Amino acid sequence: MAENATMESITEHERILQEIESTDTACVGPTLRSIYNDQPNAHKRFMEKLDARIRNHDREIEKMCNFHHQGFVDAITELLKVRTDAEKLMSQVTDTNRRLQEAGREVTAQTEEVIRCRIQQRNMTTTVEKLQLCIPVLEMYSKLKEQLESRRYYAALKTMEQLEKVYIPRVSQYRFCQIMAENLPILREEIKEISMSDLKDFLESIRKHSDKVGETAMRQAQQHRTFNSAVVRQAGVGHYTKPLYSLNGQTHTHNSHTMDDDAEYDDYADDEILTAQDLVDFSPVYRCLHIYTVLGDRETFENYYRKQRKKQARLVLQPQANMHETVEGYRRYFNQIVGFFVVEDHILHATQGLVTRAYTDELWNMALSKIIAVLRTHSSYCEDPDLVLELKNLIVIFADTLQGFGFPVNRLFDLLFEVRDQYNETLLKKWALVFREIFEMDNYSPIPVETEEEYKLVVSRFPFHDAEVEKQDFPKKLPMSQSVPQIYMQVKEFIYASLKFSESLHRSSTEIDDMLRKSTNLLLTRTLSCCLQNLIKKPHIGLTELVQIIINTTHLEQACRYLEEFITNITNVSPETVHTTRLYGLSTFKDARHAAEGEIYTKLNQKIDEFIQLADYEWGMAESDGRASGYLMDLINFLRSTFQVFTHLPGKVAQTACMSACKHLSTSLMQMLLDTELKQISMGAIQQFNLDVIQCELFASSEPVPGFQGDTLQLAFIDLRQLLDLFMVWDWSTYLADYGQPTSKYLRVNPATALALLEKMKDTNKKNNIFSQFRKNDRDKQKLIETVVKQLRSLVSGMSS
């Protein structure tokens, strides 16, 4: 059975090999797959069978090649022999062809000439017919090119329209017409681009020329304001006339005054009024707008124009960093803005809808907010009142100019109130320097007047009226110092300077009056008051200067009513008008006078302290020198000479200063006795101290300043007097017996004070034996001292509890 199986397998392999040899390569797959699905080791036996079949075929191929090799060699040999014959034949054929061509060349040439002539004749006829149709198209296209070269773009667009609708359809089959038709949209785009380029050039040009346009418009507004003010003054007209000027060919006016009524005004208007076309060529805008309208793309143009102008507006509204340093910086800024909006106003009126009133209003509101913010910021940097005033004038002209073109400017006039506050601040700073300089240059002595002319000169500068002084003969002295008329004149100068800002603000006289009074109040209550306070506090200002300052403030206070009259004369507003602001100068000068009085008291006390520091008591002396101390006599002489200067002061001030000085002297002397560093005091020192106090009492009783009643001034030393009397008389029994009684002789002596002084004398007794004589002669008195000390301590303890 194994042999049978092997035979079957060999037969199957033969069949597969025959099938592979005879079957297409694409179909061999299933046949090969059957080999693997057969019996085990079938694949190996198939491969052996396949190798045997390959070797068999190789032997057959080798036999066949060996059989045909000689014939192949013989064929190649024969072919090489034929090659020589073929070359000879080729040479003969070529020569024959050449002779044939030479023989038929003339006939061929004549035949071709005939054919060419016939074709030309036919083509000429056809060409003439077609040219008659094409020439109008070419002529129109040539016309289009000329129009484009001459920049007649609107006419070129019309020519394009005719070409497309009339001429090109007649000869549309020709390629050049197709090219023309394809070029026309390109030409339209070129026209759009060229016109847009012209518009861009215009926008760039107008950005550069806005300054000039704005300058012209603002100059016209300023000239009109000046001229109109002159006309109003001549005619006596009290109402305000709005500006009349134009930069777009239109006249803006807001009053009923007709130019026919004033020939001079006609001449002014004819000479000065310009149009925007005189300064700017607007044709690129009109042309571009027209072209985009014809091309049906007007909306794109409008959006582009507005977008670019908004960008330019933002650039125009951006100020230079140093704009606040000079008025020219502000003027350039305003000129550019005015020029921008004058151009927009012209475009608004000269075009149909390129810009609308709503658009310009929106743009103006945006610009106005930015302008106000810029001016608010930069004006705050200005410290020169003249520059702030020029800025105000520029803002007024700027506002009037744009108001003449229909732009609302109320917010600008509101801003001017803020600028006014800044102006007043700069004025106050400037006048603070003026006042300080006046005070520094003053000699603080009455003004000497040698002649009547000098007296009249002073009176013309300051409202001084004093019957007693007027009765005096020349030369004489006016009570105030030279700073008083100078301060008064400077206050009037400040009012004039403040008034300059109120001009041209279109405010009523009442409002201007209120502004002047408020600014003057600030000058008096803040600037002048601060300068006076600082002056009074300066170390080099002595008592004489302080006295003169009090006299000066008194006269300035009296002059305040003349300042009110001065403002009334300027504004023609009665001071009795309701809501009229009053000047606060009275309180200013009163406060300054009180400060000067207080400083007098302080300096007097300081001077007294300086003399007190010179005191050099020998606290352990056995007996007094019999005369007052030298330092005290010098102090009293100083007080006498000082109070003589006070004769020009109001009586109450002089009396208060004198009383204050005596009280301070008394207190200082008391403190000297009770000084904790002072440990010992002898009876001789008490006697010497008593002599000094007696001199103080004599000074008080001599009435150094008139007006004191009785011994009022002497009461300043009553505490010292009773204390010294108690120790000098040694009247302790009376003191202790009457203590606490209203009628006590030593009512002003405090037990603690008496105890402190007695303790110092007790310590002296222990160390220096001051009381040794008493102990030897009268031991009972020593016991009395001990008893007094104990009783005083008891009184002090009772007071503290």
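What percentage of the 801 residues in the chain do the buried residues make up? Buried residues make up 41% of them, where buried means under 20% relative accessible area, with exposed being over 50% and partly exposed in between, for a 1.4 Å probe and protein chains only. This is a predicted model, in which local features need pLDDT of at least 70 and side-chain atom pairs count only at pLDDT 80 or more, while totals for chains, interfaces and linings use all residues. Residues are numbered from 1 along each chain as its sequence is written, and side-chain values use heavy atoms, with hydrogens and water left out.

The pLDDT, which is the predictor's confidence in each residue on a scale from 0 to 100, averages 79 over the chain, and 86% of the residues score at least 70. Over residues 236–272 the pLDDT is below 50, and this stretch has 74 contacts in the model beyond near neighbours in sequence, a contact being heavy atoms within 4.5 Å.

The chain has 28 helices and two strands; these are DSSP runs numbered from the N terminus, helices being H or I with at least four residues and strands E with at least two. Among the contacts in the chain with a separation of 6 or more, 78% are between residues 24 or more positions apart.

**Cavities**

A cavity is a set of points, on a 1 Å grid over the protein atoms alone, where a 1.4 Å probe fits but cannot get out, and its lining residues have an atom within 4 Å of a point. Grid points are joined across faces, edges and corners, and a volume is the space filled by probe spheres set on the points. By this rule there are seven cavities of 30 Å³ or more. In the table, nonpolar covers Ala, Val, Leu, Ile, Met, Phe, Trp, Tyr, Cys and Pro, charged covers Asp, Glu, Lys and Arg, and polar covers the others, Gly among them.

| Cavity | Volume | Lining residues by class |
|---|---|---|
| Largest | about 70 Å³ | eight nonpolar, three polar, no charged |

The lining of the largest cavity includes Phe 439, Tyr 444, Ser 483, Asn 552 and Thr 553. Two or more of its lining residues come from each of α16 (483–502), α17 (509–537) and α18 (543–558), and α18 gives the largest share, four residues.

Trp 364 lies in helix α11 (residues 357–379) and counts as buried because its relative accessibility is 0%. Leaving aside neighbours within four places in sequence, Trp 364 is in contact with Phe 341, Ile 371, Phe 398, Leu 402, Phe 407, Pro 408 and Val 409. The C-alpha atoms of Trp 364 and Phe 407 are 7.4 Å apart, although 43 residues separate the two along the chain.

Glu 344, found in helix α10 (residues 327–350), is likewise buried because its relative accessibility is 0%, and outside four places in sequence its contacts are Tyr 305, Arg 309, Val 355 and Tyr 359.

Helix α19 (residues 560–571) has twelve residues and spans 17 Å from first C-alpha to last, close to the 16 Å expected at 1.5 Å a residue, the expected span being 1.5 Å times one less than the number of residues. Its buried residues include Tyr 562, Glu 564 and Phe 566, and just after α19, Asn 572 takes a positive phi of about 60°.

Key: On a 1 Å grid over the protein atoms alone, a cavity is a set of points where a 1.4 Å probe fits but cannot get out, and a pocket is an open set with protein on both sides within 12 Å along at least five of seven lines; lining residues have an atom within 4 Å of a point.
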